[in-house]
Amino acid sequence: MTPVTERDVRLLRDAIGPLRDREQIAARLLDSSAKHSFDPDKELDWGSPPEDGTWHWPPELVSLYDTPLWRRMSEEQRLDLSRHEAASLASLGIWFEIILMQLLVRHIYDRPVTSDHVRYALTEIADECRHSMMFGRMIKWSGAPDYPVPRVHHNLARVLKTVSTTPGSFAATLLGEEILDWMQRLTFPDERVQPLVRGVTRIHVVEEARHVRYAREELRRQMVTAPRWERELTRLGCGEAARVFSVCFVNPRVYENVGLDRREAVAQVKASRHRAEVMQNGAKRLTDFFDDIGVLNGVGRRLWRSSGLLA
C-alpha cells in the first residue's frame, strides 16, 4: 500500500468534514498544555481529611442509585458505597491510563522524533503519569482499597494492547476517557462531593480535553487512510473493548465491602433503568462520534449494544 502523505490527507474528508493537519493540531495542543497543566501534588490539599457526611461521588452516579436496595440502605451505607465506587473508578482509570501510555509509545515509535505530533504524544504520556499517581493517591487518601480489574480482563487487555492496530488504539483510548470524563464533569462542580475529589476531577477534566481532541483527530485520520482489514478489526476490537469496559466499570467487591449481598446488588444494577440511562448518556457523545466516522458498523454495533452503552 502506498504511504499516505500529509498533502494527501489534507485532500481527504470524512463524514465530519476535511481532515486537519496533524502538526497544526499538535502545535495547538502543546500551547494549551503549556498554559493549562497542573501538578496534583502541589495543587491539591492532600493533608486535609475526608469530610464527614460528604459524598465521594455524586449519588446519582452511584451504581445502585434509585434501586430497591438503595432505598433500604442507610445514609451512612450510601455514603460509604460512594467512597468505594470512587476508589473502584480511580483503579479502573489507572488501568486504562497505563494501557494508553503503552499504546501511545507504540504509536510514535516509528515517527519523526522532532515532530510536534510526537512531542505532544510525549506530553500526554507525562500527563497520564501524573493522573495515575493522582488517582492512586486519592484512593489511599479515601481509606478505601484499590480495586484491580478481574484477572481474566487484565490478561485480555494484555493481548489486546499487544495486537491493537493504530485506529484500534485510539478508539480504545476514547472509550476509556470519554465516559469517565462525562461523569467527572458532573462531579467537580458538585458541592455535595468531597473537595479533594472535586479537585482531582477538575484537573483530570481540563487535561483530558486535550487528550480527547488528539485521539479523535487521529482516529478520524486512521479511519480514512487505514486499509479495509484494519478498519474492520478496529470495529470488532472496539466493540469487544466496550463489552469489557462495561463489565469492569464497577468492581462487585464494593458491595461486599459496605455490607451488601453481592449477587443481589449486581442483579439490581443490571435491572436498573436509571443506571442504564446514566451509562448510555455518558457514552452518547462518543457513540455519536463513532457512528459518524464508521466505527459502529456491522458486528461492532452489535457488540456495543450488548455492552449496554448503546441504546
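Which elements each supply at least two residues of the lining of the second largest cavity? They are α5 and α6; the legends below take up this site along with the others.

This is a predicted model, in which local features need pLDDT of at least 70, side-chain atom pairs count only at pLDDT 80 or more, and totals for chains, interfaces and linings use all residues. Residues are numbered from 1 along each chain as its sequence is written, and side-chain values use heavy atoms, with hydrogens and water left out.

**View 1. The second largest cavity holds about 30 Å³ of space.** A cavity is a set of points, on a 1 Å grid over the protein atoms alone, where a 1.4 Å probe fits but cannot get out; lining residues have an atom within 4 Å of a point. Grid points are joined across faces, edges and corners, and a volume is the space filled by probe spheres set on the points. H56, R83, A86, A87, M138, I139, S142 and V197 form the lining. Five are nonpolar, two polar and one charged. Here Ala, Val, Leu, Ile, Met, Phe, Trp, Tyr, Cys and Pro count as nonpolar, Asp, Glu, Lys and Arg as charged, and the others, Gly among them, as polar. Helices (H or I, at least four residues) are DSSP runs, numbered from the N terminus.

**View 2. The largest cavity has a volume of about 50 Å³.** The structure holds two cavities of 30 Å³ or more. Lining the largest cavity are R22, I25, H117, Y214, E217, E218 and R221. Both α2 (22–35) and α9 supply at least two residues of this lining. The largest share, four residues, comes from α9. By class, the lining has four charged, two nonpolar and one polar residue.

**View 3. The largest pocket has a volume of about 650 Å³.** A pocket is an open set of grid points with protein on both sides within 12 Å along at least five of seven lines. The largest pocket is lined by 43 residues. F96, I99, A172, T173 and A241 lie nearest its centre. At least two lining residues come from each of α5 (75–108), α6 (116–142), α7 (151–163), α8 (166–187), α9 (195–225) and α10 (228–248). α5 gives the most, with ten residues. The lining divides into 25 nonpolar, twelve polar and six charged residues.

**View 4. The second largest pocket has a volume of about 550 Å³.** Its lining has 20 residues, of which S246, V247, V266, V269 and K270 lie nearest the centre. The elements that give two or more residues to this lining are α10, α12 (262–271), α13 (273–293) and α14 (299–307). The largest share, four residues, comes from α13. By class, the second largest pocket is lined by ten nonpolar, six polar and four charged residues.

**View 5. The cysteines form zero disulfides.** A disulfide is a pair of cysteine sulfur atoms within 2.5 Å. C238 is in no disulfide; the nearest cysteine sulfur, that of C248, is 15 Å away. Is C238 buried or exposed? C238 counts as buried because its relative accessibility is 4%. C129 counts as partly exposed because its relative accessibility is 34%. Buried means under 20% relative accessible area, exposed over 50%, and partly exposed in between (1.4 Å probe, protein chains only).
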